[in-house]
Amino acid sequence: MIPVKRICFLLLIFCYTTSVFAQPAAEDTLLIDLGAPPATVDLRPYITVVETTGHVLSLQQVQGRPFIPPQQSLPAWQNAHKNHRVWDCWLKLSVRNTGGKDSTLTLFTGWHDYMYWYVGTGNGGWTALSHAGLMLDKDDVGRWERYGFPVQVPAGQSRTFLLHIINKSFNGKPLAPVLFNALQYERFRNNGLNTYRAPAVVIQVILGMLLVFLTIAIINYTQLPDRSYLYFAAYIMGLVLFFALRLESKPYQLSVFHRWPMLKYYWDAPAMLFCFYFMYLLFGNAFLNLKERYPYMQRIFNISAACTGGVILICFFCIFWEKYHIPGIIYGYVYLATLLPLLVIFIALAKRSRHHPLIRFFLFGSLCFYMAYLASFLLRIKSLGLTGALGELSAPSMLMMTGILLQAMFFLAGLSYRNKLVHHERTKTQEMLIKQLNKNKELQRKLNEQLEELVKEQTSEILRKKQELEEQRQIQLNIEYDKKLTEIELKAIRAQINPHFIFNCLNSIQLFVMQRDYEYAQKYLSDFSYLIRKTLDFSRRNFITLTDEITYLNTYLGLEKMRFENKMEYDIRVDPALATTELEIPAMLLQPYVENAVKHGMTNPDQTIGQLIIRFQQLDADVLECVIEDNGIGITRSRELRTLPKHHQSSGMEISFNRAELLNKMYNTDIHIEIIDKSHRNFTESGTIVRILIPQL
């Protein structure tokens with residue numbers, strides 16, 4: 001008996017412990033056997049939500065908020081299509097697999113702008129599994145498969161999932177969370193494909209018709225270039241893009257714009273404003289030629305088009321800042337505000353249609369679209385109310401699409417009729433031109449007679465003018481002769497420079513030979529031959545580039561440095577901003593001054609080493625400054641030495657000065673040469689500064 005009592009007591013303790021420490025499933029946890037799952041499960045009784053409008057909660061923020069059943073949530077859960085602000089919703093789903101097998105179900109909540117799927121890690125953390133969204137996907141048509149999220153729970157275990165849904169557009173997406181097994185989800189997908197196939201076919205037919213209209217308009221434009229054809233083509237292109245993007249929003253349909261998901265939002269309400277207001281007004285202005293026929297109405301059309309363009313820019317700005325609902329609201333109010341003004345315009349045009357046949361085409365096309373749009377709007381008011389109908393204005397119904405096609409057909413027929421009128425007018429104009437040509441022939445005969453008399457009267461005047469021209473030609477010949485004579489004088493002066501320079505160089509070579517320094521003599525002869533060639537070349541030209549001049553002076557000064565046994569130093573400084581290959585200076589103008597600086601810079605007993613600096617810089621926009629500075633004996637001492645007997649006087653500087661005067665005379669320039677004795681500025685200094693200003697032709 002005692003063992004039996006103990007066994008019963010232990011059984012009671014085990015049952016009590018099991019009942020106390022067991023973890024029963026929460027009321028909102030979905031208990032399901034994944035080994036044999038049902039076809040569909042309505043998840044609304046098992047889902048809790050955190051829902052906001054106007055701002056978006058992050059994963060960290062939502063963890064600190066309580067999840068509540070959807071019946072106690074915001075009204076956006078029941079009327080998502082009336083959402084006028086950003087709608088942010090977090091869904092929590094807990095699932096427990098009561099079966100003994102692993103399987104995967106699919107959660108579907110509709111097509112939304114942004115969707116992020118998380119699974120709990122068991123330690124309070126979350127792992128991102130997948131994401132999808134109309135504004136997020138940039139892949140091919142297979143992107144629609146990712147809107148079903150996998151729910152996988154191992155046998156006998158529980159898992160918690162989070163689904164973050166963000167809708168930013170005006171027309172929110174309905175929220176209906178359903179759990180499908182594999183077979184039922186495939187059926188659901190096929191049903192969706194069949195549902196959206198019919199409107200996709202309609203859109204494709206409309207696109208084909210619009211492309212035909214566009215082709216006809218382009219062909220007519222090649223025959224009759226006119227702005228109205230361009231406006232009509234822009235109107236059709238806007239519609240083509242609008243309907244092509246409508247095709248993009250149909251699930252499981254092929255579209256070329258899937259890589260730009262935001263494009264369908266940028267070209268939704270703005271497309272209606274662009275096609276049915278902006279381009280409509282511009283087309284009507286050009287098609288009816290309002291500027292000449294009805295100037296007052298033309299001003300109204302222009303002002304309205306400008307205001308519409310501003311509204312379109314505002315819509316683009318709102319979309320850029322992710323205020324997707326505002327363009328739809330703006331378009332709805334624009335539509336309501338323009339109902340009465342459009343009716344007044346139609347009445348005013350109808351009164352003038354008798355005198356202007358093109359008004360009929362414009363008026364019939366406008367009325368077809370106007371009445372179809374108004375009827376569709378009134379029908380939607382009955383089912384959706386005024387606010388809902390305004391929100392659906394940018395989603396064209398079959399009635400609205402019929403009105404759009406009729407309007408385009410009437411406009412195109414009007415353009416063709418206008419083309420016919422223009423051709424008829426051209427034919428009449430050609431007939432009038434032929435008559436006018438016949439009259440012109442008679443008038444030409446009379447004018448010829450008058451011209452003969454006029455020629456006789458003008459003959460004496462022509463002879464007098466001829467004599468004056470002969471006198472002017474003689475004056476011009478004299479001027480040319482003076483110019484040629486001046487050029488010959490300039491060549492003669494250059495011929496004086498060459499012997500003078502060659503004589504000085506030969507003296508230097510002779511000195512090296514006498515000193516038996518054959519290596520320096522050979523190098524000197526090589527550089528000297530280069531100088532002779534360049535000297536002969538420059539003597540045939542009046543101007544050379546600054547680059548050639550710098551190379552020439554470098555070679556010359558190198559020879560002089562060798563001759564003076566490195567007792568001379570020189571430095572040629574060129575402003576880095578100078579375009580040396582483009583600037584030009586007179587040939588052989590600087591060489592005599594450089595030679596004179598070398599000569600007198602080496603004879604200064606107070607300086608052990610002769611210093612020579614040559615600077616080139618841009619003084620003004622068209623003036624080049626050349627400065628030659630030495631530390632020689634200076635001008636005053638040089639003149640005193642010239643008074644000594646048997647002293648050789650160089651004529652190079654005088655020749656260069658004469659050359660500058662002749663160049664000024666030939667080319668009407670103002671080459672200025674200034675020679676400064678440094679001792680006049682500071683008695684402690686010695687040497688000479690030669691400053692030459694060379695204007696650029």
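Colleague: Which residues touch the most other members in the largest nonpolar core?

Modeller: In this predicted model, they are Leu210, Phe232, Tyr235, Ile236, Phe243, Phe276 and Tyr331, out of 73 residues in that core.

Colleague: What makes this set a nonpolar core?

Modeller: The members must be buried residues of nonpolar kinds, such as Leu, Ile, Phe and Tyr, joined through side-chain atoms within 4.5 Å. The 73 residues are counted as a core because they meet that condition.

Colleague: Which helices supply at least two residues each?

Modeller: α3 (182–223), α4 (227–248), α6 (269–287), α8 (295–320), α9 (325–352), α10 (358–391) and α11 (398–514) do. The largest share, 15 residues, comes from α6.

Colleague: What does Ile236 touch?

Modeller: Leaving out residues up to four places away in sequence, Ile236 touches Leu210, Phe213, Leu214 and Ala408. Another core, of 42 residues, lies apart from the largest one, and Ile509, Phe564, Leu578 and Tyr593 are among its members.

Colleague: Why is Met135 called buried?

Modeller: Buried means under 20% relative accessible area. Met135 has 5%, so the residue is buried.

Colleague: Where is Met135, and which residues does Met135 touch?

Modeller: Met135 sits in the loop between β7 (126–132) and β8 (148–153). With residues up to four places away in sequence not counted, Met135 touches Asp113, Tyr114, Lys168, Pro261, Met262, Tyr265 and Tyr324. Its C-alpha atom is separated by 9.5 Å from that of Asn167, 32 residues apart along the chain.

Colleague: How do you know that β14 and β15 pair?

Modeller: Pairing needs at least two bridges. Strand β14 (residues 610–620) and strand β15 (residues 623–630) are joined by 8 bridges, so they count as paired. The two run antiparallel, and Gln617 stands opposite Glu625 in β15.

Colleague: What is the strand order in the open sheet of 5 strands?

Modeller: The order is β12-β14-β15-β17-β16, with mixed pairing.

Colleague: Why are β12 and β16 said to stand at the edges?

Modeller: β12 (568–574) and β16 (672–677) each have a single partner strand, so one side of each is left without a neighbour in the sheet. On average, neighbouring strands of this sheet are turned by 15° against each other, direction ignored.

Colleague: Which helix lies across β12, β14 and β15?

Modeller: Helix α13 (residues 546–563) does, and α13 runs at about 170° to β12.

Colleague: How many helices and strands does the protein chain have?

Modeller: The protein chain has 17 helices and 17 strands. Buried residues make up 43% of its 697 residues.

Note on methods
Residues numbered from 1 in each chain as written. Predicted model: local features only at pLDDT ≥ 70, side-chain atom pairs only at ≥ 80, totals over all residues. Heavy atoms only, no water. Helix = DSSP H or I, 4+ residues; strand = E, 2+ residues; numbered from the N terminus. Axes fitted to C-alpha atoms, helices over the stretch in contact; angles between N-to-C directions. Contact = heavy atoms within 4.5 Å. Buried < 20%, exposed > 50% of the residue type's maximum accessible area, 1.4 Å probe, protein only.
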